[in-house]
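Hello,

Here is the structure I promised to pass on to you. Have a look at it first, and then read on for what turned up in it.

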Amino acid sequence: MIQWSSHAPIYLHRDPVDFRKAINGLAVIVSEAMALAPCEPALFVFCNKSRTQIKVLYWDDTGFALWQKRLEKERFKWPRKQNESTISISHEQWSWLLRGFDMSRLTPHQSLHYTEVA
């Protein structure tokens, strides 16, 4: 089982990616299109056009690693209506994405901030 740090940020590249790209091609997307450093301790997540596969590029202190998941019948609920090309998600949202939930529809209760008790 792959263990990713719970402190590592997770970045989704919103637009579909040609899945013939491997580590070098995805690292170029991270640095140029996403304007991030591919060697930072983060997960960079990409989806194919049909949303049946995702790839995760990450640096593990000794080199790049590439992880891939392919769905056999379903599609990933990929956030496509965002204005930004790079989307930062939480580890909880990452778990939802991998399990097939639509992240945009799962919203927690609104945070409340009071200064007094009524």
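This is a predicted model: local features need pLDDT of at least 70, side-chain atom pairs count only at pLDDT 80 or more; totals for chains, interfaces and linings use all residues.

Let me start with the overall layout. The chain contains 2 helices and 5 strands. Reading from the N terminus, their order is β-α-β-β-β-β-α. Of the 118 residues in the chain, 34% are buried. If you take the contacts with a separation of 6 or more, 57% of them come from residues 24 or more positions apart. The chain exposes about 8300 Å², and carbon and sulfur atoms supply 50% of that area.

Next, the helices. Helix α1 covers residues 23-32, and its buried residues are L26, A27, I29 and V30. These residues sit on the same side of α1 because they cover an arc of only 155° around the axis. What do they pack against? The buried residues of α1 pack against β1 (10-13), β2 (43-47), β3 (53-59) and β4 (64-70). On the face of α1 turned away from the buried side you will find the exposed residues N24 and E32.

Helix α2 takes up residues 91-99, with W94, W96 and L97 as its buried residues. Looking down the axis of α2, you see these buried residues fall within an arc of 160°, so they line one face of the helix. The partners of that buried set are β1, β2, β3, β4 and β5 (86-89). The exposed residues E92 and R99 are on the face of α2 turned away from its buried side. After α2 comes G100, which has a positive phi, near 100°.

H13 is found in strand β1, and with 6% relative accessibility it counts as buried. Apart from its neighbours within four places in sequence, H13 is in contact with I29, A33, M34, V45, F46, W78 and S85. One of these, I29, is also among the buried residues of α1. H7, in the segment before β1, is exposed, with a relative accessible area of 72%. H7 and S90 are 83 residues apart in sequence, yet their C-alpha atoms are 9.7 Å apart in space.

Finally, a word on charges. Side chains of opposite charge can pair when their charged atoms come close. How many salt bridges does the chain have? The count comes to 3 salt bridges:

- D15 and R14 meet through their side chains at 3.0 Å, N to O. D15 is partly exposed at 32% relative accessibility, while R14, at 17%, is buried.
- R20 and D18 meet at 2.7 Å, N to O. R20 is exposed, with a relative accessible area of 74%, and D18 is partly exposed at 34%.
- E72 and R70 meet at 2.9 Å, N to O. Both E72 and R70 are exposed.

Enjoy exploring, and write back with any questions.

Best wishes

How values were computed: Residues are numbered from 1 along each chain as its sequence is written. Side-chain values use heavy atoms; hydrogens and water are left out. Buried means under 20% relative accessible area, exposed over 50%, partly exposed in between (1.4 Å probe, protein chains only). Helices (H or I, at least four residues) and strands (E, at least two) are DSSP runs, numbered from the N terminus. The arc is that of the directions from the helix axis to the C-beta atoms. Contact means heavy atoms within 4.5 Å. Accessible areas come from the Shrake-Rupley method with a 1.4 Å probe; for residues, only the protein chains shown count as cover. A salt bridge is a side-chain nitrogen of Lys or Arg within 4 Å of a carboxyl oxygen of Asp or Glu.
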